[in-house]
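User: I would like to go through this structure by question and answer. Please define each term when it comes up.

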Amino acid sequence: MNGWAGKVLDIDLTTRAVKTYPLDEELAKQFLGGRGLGARLLWDLVGPEVEALSPQNVLIFTGGPLTATGYQTSNRFSVTTKSPLTGTVLDANSGGFWGMQFKKAGYDVLIVRGKSETPVSIEIINDKISFHDAAHLWGKRVMETTTALGQNNNKRNVLCIGPAGENLSRIAAIMNDGQRSLARGGPGAVMGSKNLKAIVVEGKTRPGIEDPERFKFMLYETRKLLRASPLTSQALPEFGTVVMMNIVNSVGALPTRNHQQSQFEGAEAISGETLTEKYLVKNESCWACPIGCTRVSKTDKVNGEGPEFETTWAFGAQCGIDDLAAIIEANSICNDLGMDTISAGSTIACAMEMSERGYVDSDLRFGRADLLAATLEDMGYRRGLGAELSEGSLRFAGKHGHPELSMSVKGMEMPAYDPRGMQGQGLLYATSNRGGCHMRGNMLGLEVLGLPKLIDRFQVQGKSSYVILHQNASAAIDSLVICKFTNMGVAEEYFARTLTAVTGIPYANGDLIRVGERAYNMERLYNVREGFSRKDDTLPQRLLTEPVPEGPSKGWVSKLEPMLKEYYRARGWDENGTPKKAKLAELGLAELATG
Amino acid sequence: MIDERIYEQFKQIGRDLYTAGMISSHGGNISMRVGDRVVIKRRGAQLGALQPHDLIETGIDKNDSGVTMASTELLAHRMIYLKTPALSIVHCHPRTAIAFSLSRDEIVPIDNEASYLLKKVPVIYEEFASGTPEMANNLASALQSYKIVMLRGHGSFATGQTLDEAFHWSSTLEESCQIALYAKLINEPFIEYRKNQEGYNKW
C-alpha cells in the first residue's frame, strides 16, 4: 500500500521492550494517519481510568500518507495523548523536519508507553532502535539538548522536552528540530512524566508513489496556486503569520487585556509589518514548503525562530504589551523551556487581571513587559508564583477563587480571535475537542479574510454549517498530515486528488472531508467517555455576557446558545452533545457506540 | 424564521443569475444548508426578484410542511447536501454550456481562468429530469469530486461554501464555454499555451 510505511513501532519504556507490527490497513484507509489515526488508537489504549501524567498514558506519534512524499508541506506529524491540561483527547502537530525523517525511517506510528526509571532518550535509525541514558541532558534547555544530540535538518532530527516538560508543567510543549513545537495541551509534561528526554530519528527510505505522473501534476498545480495566492506567496513569506495582527485588530476581534477589549491600541507596534521592519533577519521554511512563513528574528538579547501571530498576540495584546522586542524574547524563552506560548501568555494575562483586581498578590500588571522573561523562567522551573502559573490559567484562577477570569475552553486558553467579533469562531472554540483552539478549524478565512468568500461575521443562523465543514476539513488535513496554510491557497479537492495519486485508492473530495468528520466524531466519542458533555461546550462568561466596549464589534456578545443547538442537530449528535448511533454507523464507527 | 442576512444573499445571487442571462424568468434554483435544514427557493418564484416569502425552509433529510412549497429540485439539493460537503448550491441554465453539453461527455475548458479554477466539468445524463432519485444520486456522486457538473441539455449544478462561490463556478463555466464557442467560430488552429494541459483531461 503506497503512501503508508505500513509499520507501527511500539516501545515500552518500563520494560524497554520494542515491538514492530504491521499498520492495520483498514484503520489506515478509514483514518489516514496523523490526528485521526492517533485518536482511534488512543481510544483502545487509554481509558477514563488513566491519569494523564501516569505511566499508563501513552504518546502516539503519527505521520500520514502524504508525509515525506515531497508534496508541498508534507513535513508535518502529530502526537496524540490524553491531555494533562484538559483531560480530553489531545492532538498536537508540528512542522519542521522530524516528521519527514520519522516516516523515512519506515514507520507511520510510534507508540511510547510506560515510564523509564531514569532519564532516557530513544534513537531510531531505520529499523535499529536504541535507548541512551539521558541523565546528563536532564535539566538542559531545548536548544542545548537538540545540539548535543546532533540535530542535522535533512539527516538526523531531534525531538525533545525542556525544563517545563521535565517539571511537569501542564502547558509544556514537545519541541522538534530546535524551535518547532507540538505545543498545546501539555504533551511535554506527558513526555516528562515518562522520564523521556528526547527521540532522535534518522531515515533513508522515501515513501512510494502509486501514480508518479499524477502526483507530479498535482505538485505542479499546487505550486501554481500557492504562487498565485497573495496570502501564501507574499503576505506569509514577507510578514509571517503576524501579518494577521493588524487585520484582526481592524475588525475588532483582537482580544485585549485578558479579553476585556477587542481592539489593541498598540497593535501596529507588534504587527507583522513592524516585525519585518525592525527585527526580521530572514524567513525560513519547513521541509518541502514553498511558503516560508517561519521568522528568524533578532533583538539585543536573542536570535531565533518566531514569533508567530498567536504568540505575539498572547504576550502582546492579551497582556497589554506593545514592546515587540520583549515579546520576541518571551517567545525565545518559551521555545527553550519547551512551553506553549499561547497558554503561557494568556495565563500571564489572567494573572495580570487577577493582580490588578487584588485577587492575587503580585507585581504583574497589564503592560509590564519587564516582568515577562522572569515570570516565564519561574513557570518553566516551577518557582514561586510561576509554579501556579505553569498549571495553566484555569487551575491558577480557580485556586484563587476566580475561574471565570481564565479565558479558556475546557481548560485550554483560547487564541487570538474574540468570539464576540467572530460569532462562528466562538462556536468553533466551544466545540473544539481539545479545548480553546484555532487549529481545529478556523473561521478567520470566512469571517475576516474572505477565503473562499466573505460571510457575515455577526451572522448566527447557519453558522454551524460553516464551523462543522471547517472542523471536518481541518481534521482531514491533520490526518494527511500537511500544513493548514497550504489550504489558504489550495482547496481540499487538490489534497484528495493528491492522496489518490499517492495511494492509488480513489478519494473524492467528499471522501476526504468524511475522513475528517470521522476523526472529529472519534475524538468526540473519546471525550464523551471521559465525561465531557454539553456543559463543557461553552465559553468564558465574559464573552457571553460582557459586550465589547468599543470598536467595530461594540455591543456584541457571543450568541453561543442558538448556534450550539443548531450545531448538535447538524452534527447528528443528541442534545447533550453525544454522537447518535445513526451518525456513528454512517461513519463506520458503529462498534464504538456505547449505551 | 429565516435571518435577513441569509435572505440578502439569496436576493443578490438570484438577481445576478438573472441579469447575467443564466436563467429564464422562472428557471433555476438556489439553496443553502443551515445546520440540519435547507433553505431553498419556493417553487415558481422568480430568482431575479426574490421576496422574503420566496424562501422555504425544510429538513435536509426530514420532510415537514415546507416541502409542499419547495422547488421541484429539492430532492437533488438534499441528496447533494447529504453526500457532499456542499453548504450552498446554484442550479442555473447557462446557455452556451448547455449547448456544449449536447455533444460531449465532459467540458474541458481551453481558457486560462476556467482551466485554473475548474479543470474539467463532467456532463451527466438521465432519461428523466433532475427531480428523480436516480438523477439526484448521479448528481451528488459527481459533485463529490467536481465543484460543478452539467446535466445534458438542462443546466449546471454547482456547489460551494457560499452562494456566491457556487455562482462563481457557474459563471466561470458559462464564460469559458462562450470563449470556446468564439474560438470555434474563428476556426483557426489552437495554440496550446498551458503547461501540463493533459492533466486537465484526466482531472
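User: How many residues do chain B and chain A bring to their contact?

Analyst: This is a predicted model, in which local features need pLDDT of at least 70 and side-chain atom pairs count only at pLDDT 80 or more, while totals for chains, interfaces and linings use all residues. Residues are numbered from 1 along each chain as its sequence is written, and chains are lettered from A and ligands numbered from 1 in the order in which they are written. Two residues are in contact if their C-beta atoms, placed from the backbone, lie within 7 Å. On that basis, the contact takes 20 residues from chain B and 22 residues from chain A.

User: Which element gives the largest share of the side of chain B that touches chain A?

Analyst: Elements are DSSP runs numbered from the N terminus: helices are H or I with at least four residues, and strands are E with at least two. Those of chain B that give two or more residues to this side are α1 (4-19), β1 (29-34), α5 (133-145) and α6 (163-186). The largest share is three residues, and it comes from β1(B).

User: How do the residues on that side of chain B divide into nonpolar, polar and charged?

Analyst: Ala, Val, Leu, Ile, Met, Phe, Trp, Tyr, Cys and Pro count as nonpolar, Asp, Glu, Lys and Arg as charged, and the others, Gly among them, as polar. By this sorting, the side of chain B that touches chain A has five nonpolar, eight polar and seven charged.

User: How far apart are the C-alpha centres of domain 2 and domain 3 of chain A?

Analyst: Chain A is divided into domain 1 (7-202), domain 2 (237-413) and domain 3 (423-592), with bounds from an automatic or database domain assignment. In the contact between domain 2 and domain 3 of chain A, each supplies 21 residues. Their C-alpha centres are separated by 25 Å.

User: Is N249(A) buried or exposed?

Analyst: N249(A) lies in helix α9 of chain A, and α9 (244-250) is one of the elements that supply at least two residues of the side of domain 2 that touches domain 3. A residue is buried if 20 or more other C-beta atoms, placed from the backbone, lie within 10 Å of its own, exposed if 12 or fewer, and partly exposed in between. Because N249(A) has 25 C-beta neighbours inside 10 Å, it counts as buried.

User: What is the state of K410(A), buried or exposed?

Analyst: K410(A) sits in the loop between β16 and β17 of chain A. Its phi is near 55°, a positive value in a residue other than glycine. Since 24 other C-beta atoms lie within 10 Å, K410(A) is buried.

User: What is the state of N126(A)?

Analyst: N126(A) is in the loop between β7 (120-125) and β8 (128-133) of chain A. Phi of N126(A) is near 55°, a positive value in a residue other than glycine. Because N126(A) has 14 C-beta neighbours inside 10 Å, it counts as partly exposed.

User: Which residue does a cis peptide bond join to P452(A)?

Analyst: P452(A) is placed in the loop between α18 (444-449) and α19 of chain A. The cis bond there has an omega of about -5°, and the partner of P452(A) is L451(A).

User: Which residues have the most contacts inside the largest nonpolar core?

Analyst: A nonpolar core is a set of buried Ala, Val, Leu, Ile, Met, Phe, Trp, Tyr and Cys residues joined through C-beta atoms within 7 Å. The largest such core has 235 residues, and those with the most contacts inside it are L139(B) and V149(B).
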